[in-house]
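Please read them with the structure open.

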Amino acid sequence: MRASAAASITLFLCAAAVAAGVRAAPAAAQDDGQWPMPAKDYASTRYSKLTAITPQNAPGLHPVWTFSTGVLGGHEGQPLVVGDTMYVVTPWPNVLYAFDLTKEGYPLRWKYRPEVSANAIGVSCCDTVNRGAFYVDGKIIYNLLDGHTVAVDAKSGTQLWKTQVADVSGGETVTMAPLVVKERVLVGASGGEFGIYGWVKALDLKSGAIVWTARNIGPDADMLAKPGDFKAPYDSGADLGTHSWAEDTWRTGGAPVWGWMSYDPELDLVYYGTGNASPYNAEQRLGDNKWTASVLARRPADGSLVWAYQFTPHDNWDYDAAGAMVLADLQIGGKPIKALVHFDKNGFAYTLDRATGRLLLAQPFANVTWAKSIDLATGRPVLDPSKQTGASRGSVKGICPSLEGGVSPSSPPAYSPRTHLFYSSTNNLCMDYASARASHLRGTPFMGINSPYSAGPGGNLGTFMAWDAATGKKVWENKETYPNWSGALVTAGDVAFYGTLDGWFKSVDARTGKVLSKFKVGSGVVGNPITYRGPDGKQYVAVYAGIGGDWLLLSGDVRSDDPTDVRAPADYIKDIAGHTSQGGIIWIFGL
Amino acid sequence: MSTSNRRYAGVQVRVVPAAVLACLLLAACDHRDPEPAAQGAAAPPAVAYEAHVAAGGVAPPGGTLSNPHQGDKAVAAAGANLFTAMNCDGCHGPEGSGAVGPNLGDGRWRYGGADAEVFSSIYYGRPKGMPAFGGAMGADGVWTLVTYLRSLAPPDNLPTESFESAAK
């Protein structure tokens, strides 16, 4: 198949942000210049209609402002811009800064320093990250690592409510970016490395009270899978979330929610991906392990499950599906399709019908050895039996992608309705996977794994690529020396933006990938660039520098903050510390 | 530390390491209460930290704990198994090389590297996320881990990392 006609994207403007009166409501065809939610819009496109920055003038992009956050953890996530204020959430201790963009030097209007338990640091598998805040109804809403959700008054910085949603003592932390739909604040917990019983909760926007809790695994009653409402496109029967697990292994089966959520207001469905099954030793949880490594579609009002599709049944490789679900209206085979596009850790890019969860396309975007293909009739991967893992199999060699993913779920893609292309970072790593029997000890890791990494074919450890989700084909890619961990941004000026792990921030031509500008931002980039129109009417691009996010990946020798913690370089990424070290810095670029 | 931190003082340890491991795993899996530790009648308030700066140059009175397995290679080997079985490697990496938790094989210690200090870190836990394992493992399990960790040999020339040689 080939993409024939123009694909179009439905942009779901954040009505609440506009209604707050911080800036006049935009005409439909114009961008309001703000960035009010993690991915800019409910469809998670990370696409801005701003056009001032173009391939012609982008070589003139230069830094106009920087600010140290004072925090060293991995700076994933992205700032928000609402009206004339920029909001920034740091990794633990989760400080919230509000910058006045109308004044020279962008001084702080206020900062909010919540009390956040340091105990949460030890229950975080992969650094103390935070993936960002959500603006709605005059409130900034975000999650604290120690399992709380807070709402802060966007004008004054005053805390409006604070609700405990997760239990650190049971291995739960909260790193994901919340999504607010109507009166519901949707949050989920990390903890796939701690054997949690994964969930999503909805809080009341006004009071912070928990309205509903939906498990991602377990019995239908816990999953809010109601007869008649729930229809899985490739499965049938009751209690799939328990029957697809040996004995009661679902009780400690993981399925965390640590990435991103999307919402389609026409279908009234919220979409999110679940993480890996626990423990990593798959022989301790025989069966498909539904609905780990899956995408779930729910009604925001009451949480009821509408459909679910599992990308990686019986996850043998820590292939979380926590990455973004991008909602785009595509032309596939000449037909308009309300699609959901997802780049999975398992190396396949999936295009689904977002009304039903049926699979339309699945093609590898990275080097894949664990499966030969995805069967479109059954929705299931065609496995390579020699890449199945488990404690009885010893060290299984040559599995690609590595458990860092063909792309990290931390690195969300962007979609341009002008080029009809998706833009994404990728990792080019393979692994050997040696499972061991894991013992479940509450509050400690539940893993059982040793998985040394190696470079994939070509030797470059990452790329930034453009992908056609209507045909399942890569259009161009820029090879990068290191695994690429930044999110993507694309604009109506046809310029895409990303950062590299060794600390280069780049703008590229969205149609060709040609590098238009690059600047060394002081630390590796694992954050996601945004763009906005400043109070002066000019277009700016902002991004965090601040390497971190997974100390199994990132070679511990990039750390210099603790004289009692000195680590050797990782052998597959030996010289990264020769190019970067930790440190959170906000950068703003302009023309 | 408060004076309630006395439970481990004076614990008598006479258990074969392999049997210890089996008992510990059983206890952990069954969520049973750990073996109650003996309480010394005249127990000191806490471990004395040798490297701490003493205000006025006067060190406070502190307890002394000695590792019953110090230097025992068989116990160290059992401790290596325990390091995996109790999920220590999930945070500190394979062989304690460092992940979300610090490297334990670099010969450097955030909270002191004397046997008693390492014991205290594991038994009671530490701020910034080190869980307290004393309840799940009991004193002898902790000493077994201490013996293993103290057996790890730090690399040569730890402070210096040259990138010029790495690139060639």
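1. Start with one pair of residues in chain A. M86(A) has F99(A) as its bridge partner, and F99(A) belongs to β5(A). The strands behind this pair are β4 (residues 85–89) and β5 (residues 96–100) of chain A. Their pairing is antiparallel and runs over 5 bridges. Bear in mind throughout that this is a predicted model.

2. Now the sheet around that pair. β4 and β5 of chain A sit in an open sheet of 4 strands, ordered β3-β4-β5-β6, with antiparallel pairing. Which strands stand at the edges? They are β3 (80–82) and β6 (108–112) of chain A. Each has a single partner strand, so one side of each is left without a neighbour in the sheet. On average, neighbouring strands here are turned by 15° against each other, direction ignored.

3. A second sheet of chain A deserves a look. This one is also open, with 4 strands in the order β15-β16-β17-β18 and antiparallel pairing. Its edge strands are β15 (261–264) and β18 (305–310) of chain A, and each pairs on one side only. From one strand to the next, the twist averages 15°.

4. Chain A as a whole has 3 helices and 39 strands. Its C-alpha atoms fill a box of roughly 60 × 55 × 55 Å along the principal axes. Of its 591 residues, 63% are buried. Take the contacts between residues at least 6 apart in sequence: 62% of them join residues at least 24 apart.

5. One loop residue of chain A is worth a stop. A225(A) lies in the loop between α2 (220–223) and α3 (240–243) of chain A. Is A225(A) buried or exposed? It counts as buried, because it has 27 C-beta neighbours inside 10 Å, and the cut-off for burial is 20 or more. Leaving out residues up to four places away in sequence, A225(A) touches D220(A), F230(A) and L305(A). A225(A) and V95(A) are 130 residues apart in sequence, and their C-alpha atoms are 37 Å apart in space.

6. Turn to chain B. How many helices and strands does chain B have? The count is 6 helices and 0 strands. Along the sequence the pattern reads α-α-α-α-α-α. Buried residues are 40% of the 168 in this chain. Among contacts in chain B with a separation of 6 or more, 67% are between residues 24 or more positions apart.

7. In chain B, look at α4(B). This helix is mostly covered, with 10 of its 10 residues buried. Among them are A116(B), E117(B), S120(B) and S121(B). The buried residues of α4(B) pack against α5 of chain B. After α4(B) comes G125(B), with a positive phi near 80°.

8. How is that helix pair arranged? The axes of α4 (residues 115–124) and α5 (residues 134–151) of chain B come within 9 Å and cross at roughly 140°. That angle makes α4(B) oblique to α5(B), since the class of roughly antiparallel needs over 145 degrees. The crossing is right-handed.

9. The residues in that contact can be listed. From α4(B) come D115(B), V118(B), F119(B), I122(B), Y123(B) and Y124(B). They meet G134(B), V142(B), W143(B), L145(B), V146(B), L149(B) and R150(B) in α5(B). By class, the contact has 10 nonpolar, 1 polar and 2 charged residues.

10. Last, the contact between the chains. Chain B gives 33 residues and chain A gives 35. On the chain B side, the elements giving two or more residues are α1 (17–30), α2 (73–85), α3 (88–92) and α6 (163–167) of chain B. The residues on that side divide into 20 nonpolar, 8 polar and 5 charged.

Technical notes:
Residues numbered from 1 in each chain as written. Chains lettered and ligands numbered in written order. Predicted model: local features only at pLDDT ≥ 70, side-chain atom pairs only at ≥ 80, totals over all residues. Pairing = 2+ DSSP bridges. Axes fitted to C-alpha atoms, helices over the stretch in contact; angles between N-to-C directions. Parallel < 35°, antiparallel > 145°, perpendicular 65-115°, else oblique. Left-handed = near helix turned anticlockwise from the far one by under 90°. Contact = placed C-beta atoms within 7 Å. Nonpolar A, V, L, I, M, F, W, Y, C, P; charged D, E, K, R; others polar. Buried ≥ 20, exposed ≤ 12 C-beta atoms within 10 Å, placed from the backbone.
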